[in-house]
Amino acid sequence: MLRNDLQTLISVALEALIAEGKLPEAVRVVPVEVSDTKSPDHGDFACNFAMVASKKAAMNPRAIGELLASTLATKTSVFAGVEIAGPGFVNLRLQPTYISAYLEGILQAGQAGVAQLPPTGEKVNIEFVSVNPNGPITVGSGRGASFGDALSRVFKSAGIEVHKEYYINDGVNSEQMRLFAESVRHFYRQSLGLESVFPDKGYRGEYVQQVAARLMELEGDSQGDAEASWFQSKSQDLMIERQRNDLGLFGVTFDTWFSEQSLHDSGEVLRCVEELKSKGVADEEPYRTKLKLGKGGVVEEVIKEAQTDQMEEDGDEAEGVTVEDSQASSTNKTLWLRSTKFGDDMDRVIRRKDGRLTYIASDIAYHKDKFNRPAGASKLYTVLGPDHHGYIGRLTAVLAALLRKGPDTDENNQEALNEAKAKLDVVIFQLVRFLKDGKPAPMRKRDGNIYELRDLIEELGAAAAPNSSKEEQKIKGRDVARFFYLMRSHDTAMDFDIDLATKQSDDNPVFYVQYAHARICSVIDKAKEAGIQLGDQVNSSVLVHARELALIKKILDLKTEVERISKDHGVHRLTTYAIELARTYHNFYDVCRVVQPDEPELSKARLALCEAARMALSGTLDLLGISAPRRLDREA
RNA sequence: GCGGCUGUAGCUCAGUGGAUAGAGCGCUUCCCUCCGGAGGAAGAGGCCGUGGGUUCGAAUCCCACCAGCCGUGCCA
């Protein structure tokens, strides 16, 4: 890459200066950074080394800059000029042919290589969406889905092996699932004309009735007297299938759909619980530790409270799972995970007095198991919505408890906690609000219906391509929805402006980017008609125009973006990059005519540049999970 | 009480500790002998919430405060 190559050149120059004794050894630890310049007056790139190293070298920054500049200036094939400016910037003005020569590398690497970094050997598991199997994928989950999927794509592009995972909360005795199943049962019986009472606090949404209708289709009318457990298992499967379809419509797929219940069935949960007991991080002593935390998470007070019967009623453990195993239910004591040893603000219940296990118990087994996908995974990412903020502490504590080695000492516990923090990254995305006619649109309606992701996709698709087929509308809707979700940092609350998203015109940034791609394709076609072909030998050195060079530099930036985003998860910057790349292309197009039959060499080189820009645009859109159409037609 | 997020142009928002803080929309102009005008160029518009600190240098990092959104405690 261009930037890396410049960094290397500077590092080599610095080494030479150190060897000659002109710079002290101490500056070796100062990192070399190459940054963009704001104004073309400052050259192509700038290096701030002189200012940063000034203190270490005990030298005036301009003096360091002079040394560096005069050394670099001898590389006349690379630099057209190296100047000191301002407080000590070394401004690098590159030879146009040095920049344009990079075009050949881009073309050789091809579409697959335009954003691809070499393998790092790192392996990660990323879990996202994971909504309960008692409802559809909502527009709220859409944010997590687009973010998690795009982040996975960026990881892969950054040379990291990725396993995408969806966790199904299908523990058999969850209260929510029971209610959901009874609601389905009610609608099923009702349609048979059987007597039925709608369950208290049951689910009324249209999708519940659709599940009942689908059951009728698949199983006929013979199940009117079937038990709730039958309905639970069947409706759950149908709901998961629907979730999978909706996510597929959105372009999101998973490598594994992992069943919570499978961990109970295999006995893995109980094995893990025993393991924690034998390690001494879980016990049945009748007390709970709570930490009163002050500012910055400092422990102000440790409260050790005796267990009362009332504690058993705590709401946060309400979604328990009954274990049929007699040995588990035979005990009459609460089993505590001493998570306060690992940074949690209170101990958590693993198993209640009556033998029911809480979801913490499954989380323990699940997190242990996750490291197997991909085999030897070194890091787990969990993408959660804004209401799950409280999970960070307890999930980290769960993992730390698993990882703890040696006896129960503060040092060992702290070390385990540090390791857990390094291996588990819980990424919380913030709230998304939908605006329609300038007003917030309700996510959950009074009649029990839910604003579903599939509704959003259809709505956006129909607006973007009113005369197209349903299939094309779905693609359009998906493209617009994903782009809008990803325009803002996952870390900040966003407004999704449906009115703007439904515009098929200038204002809509998705089409601005896709238009640039379509425009390039059109130019390539036109060139072909004029007898100028891609794939011919290209002399890139004829590309010396400022707009041509700016475009090449912008294309090369894609890998820099990928590398950075793989570290800080700022996926939204890809949308900014896509817009900037499109703009840089339009700038080029406006001034540099590609197809010029009387200038065959220049035409070929510019055509090659068009293809490189096309690959970069297409590659960026692919990272976002958005299509790169060859044509874009405005519809009435 | 504790935690998270936000505060940048009239509006919606970008912004890697760096030089004169950017884009889109809106507003005022301009560019089709033309490869797709869903395009391009120019202009007006800013105490970067407030006050301290760190730094050669802060919209960016740290602390305090103000305002807003969201989550979640304790008193049991």
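Predicted model: local features only at pLDDT ≥ 70, side-chain atom pairs only at ≥ 80, totals over all residues.

**Exercise 1.** Determine which residues of helix α8 are buried and which helices they pack against.

Solution. 
- Step 1. Helix α8 runs over residues 206-219 and has 14 residues. From its first C-alpha to its last it reaches 20 Å, close to the 20 Å expected at 1.5 Å a residue.
- Step 2. Its buried residues, those under 20% relative accessible area, are Y207, V208, V211, A212 and L215. They cover an arc of only 150° around the axis, which places them on the same side of α8.
- Step 3. An α-helix has 3.6 residues a turn, so residues three or four places apart point the same way.
- Step 4. The packing partners of the buried residues of α8 are α7 (175-191) and α9 (228-249).
- Step 5. Just after α8, G220 adopts a positive phi of about 75°.

**Exercise 2.** Classify the arrangement of helices α14 and α15 from the angle at which their axes cross.

Solution. 
- Step 1. The axes of α14 (residues 391-403) and α15 (residues 410-423) cross at roughly 120° and come within 8 Å.
- Step 2. The two helices, α14 and α15, are therefore oblique to each other.
- Step 3. The crossing in which α14 passes α15 is right-handed.
- Step 4. On the α14 side, T396, L399, A400 and L403 take part; they meet A416, L417, E419, A420, K421 and K423 in α15.

**Exercise 3.** Describe how helices α21 and α22 pack, giving their angle, their handedness and the residues in contact.

Solution. 
- Step 1. Helix α21 (residues 573-591) and helix α22 (residues 600-624) have axes 10 Å apart and pack at an angle of about 160°.
- Step 2. Angles over 145 degrees count as roughly antiparallel, so α21 is roughly antiparallel to α22.
- Step 3. Their crossing, that of α21 and α22, is left-handed.
- Step 4. The contact involves residues of α21, among them L574, Y577, L581 and Y585, and residues of α22, including R606, C610, A613 and L617.

Conventions: Residues numbered from 1 in each chain as written. Chains lettered and ligands numbered in written order. Heavy atoms only, no water. Helix = DSSP H or I, 4+ residues; strand = E, 2+ residues; numbered from the N terminus. Expected span 1.5 Å × (residues − 1). Buried < 20%, exposed > 50% of the residue type's maximum accessible area, 1.4 Å probe, protein only. Arc of directions from axis to C-beta. Contact = heavy atoms within 4.5 Å. Axes fitted to C-alpha atoms, helices over the stretch in contact; angles between N-to-C directions. Parallel < 35°, antiparallel > 145°, perpendicular 65-115°, else oblique. Left-handed = near helix turned anticlockwise from the far one by under 90°.
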